[in-house]
Amino acid sequence: MASGSGDEEGNTEGGSWRLIGPVEGLSKKRCRLMYCSLGFKSDVCLFYVKGEFFAMDARCAHSGGPLCEGDIEEADGVLQVFCPWHDYDFNLRTGKSGTSLQQQVYEVKLEDGNVHVKHANRLSLEPFPADQKS
């Protein structure tokens, strides 16, 4: 199952569907860092929780903490990731926090056994060589 309907607050309007990889392999880890061709500040986390994929900016909106290293909890049916640096929480579906902070979230779809994320730039499970960024 994939997340995102495209009309929730925090979802990107534009972008292209980026092939990330096979569901079978990606569903074996709770979180994977997807490198963005724009560099470190634009990387994205791909979460797999309770049979669903979610994607959001990898760096916490508060101070840039690594959300892929955060704890994931469910409270009142809401899945949240907690930043490991200062414990800020973000809804995996909407990116909203219990504070005024907001994480950018991205649509995810499953097609032909593969995971795709809608994003304006190229994404990869491996870092981009320095001369291929943009």
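Are Cys 31 and Cys 68 buried or exposed? In this predicted model, Cys 31 is buried, and Cys 68 is buried as well.

These two cysteines are joined to each other by a disulfide, with a distance of 2.4 Å from S to S, and the count of disulfides comes to one. Cys 31 belongs to strand β2 (residues 31–36), while Cys 68 sits in the loop between β4 (52–57) and β5 (71–75), so the pair ties together parts that are 37 residues apart in sequence. The torsion about the S-S bond of Cys 31 and Cys 68 is about -50°, which means that the disulfide is left-handed.

Cys 60, by contrast, is in no disulfide, and the nearest cysteine sulfur, which belongs to Cys 83, is 3.9 Å away; a disulfide would need the two sulfur atoms to be within 2.5 Å.

| Residue | Relative accessible area | Class |
|---|---|---|
| Cys 45 | 1% | buried |
| Cys 60 | 5% | buried |

Elsewhere in the chain, three strands form an open sheet in the order β1-β10-β9, and their pairing is antiparallel. Because β1 (16–22) and β9 (108–111) stand at the edges with a single partner strand each, one side of each is left without a neighbour in the sheet. On average, and with direction ignored, neighbouring strands of this sheet are turned by 30° against each other. Between β9 and strand β10 (residues 114–119), which run antiparallel, there are four bridges, and Lys 109 has His 116 in β10 as its bridge partner.

Definitions and conventions
Residues are numbered from 1 along each chain as its sequence is written. This is a predicted model: local features need pLDDT of at least 70, side-chain atom pairs count only at pLDDT 80 or more; totals for chains, interfaces and linings use all residues. Side-chain values use heavy atoms; hydrogens and water are left out. Two strands pair if DSSP finds at least two bridges between them. Helices (H or I, at least four residues) and strands (E, at least two) are DSSP runs, numbered from the N terminus. Axes are lines fitted to C-alpha atoms, for helices over the stretch in contact, and angles run from 0 to 180 degrees between N-to-C directions. Buried means under 20% relative accessible area, exposed over 50%, partly exposed in between (1.4 Å probe, protein chains only).
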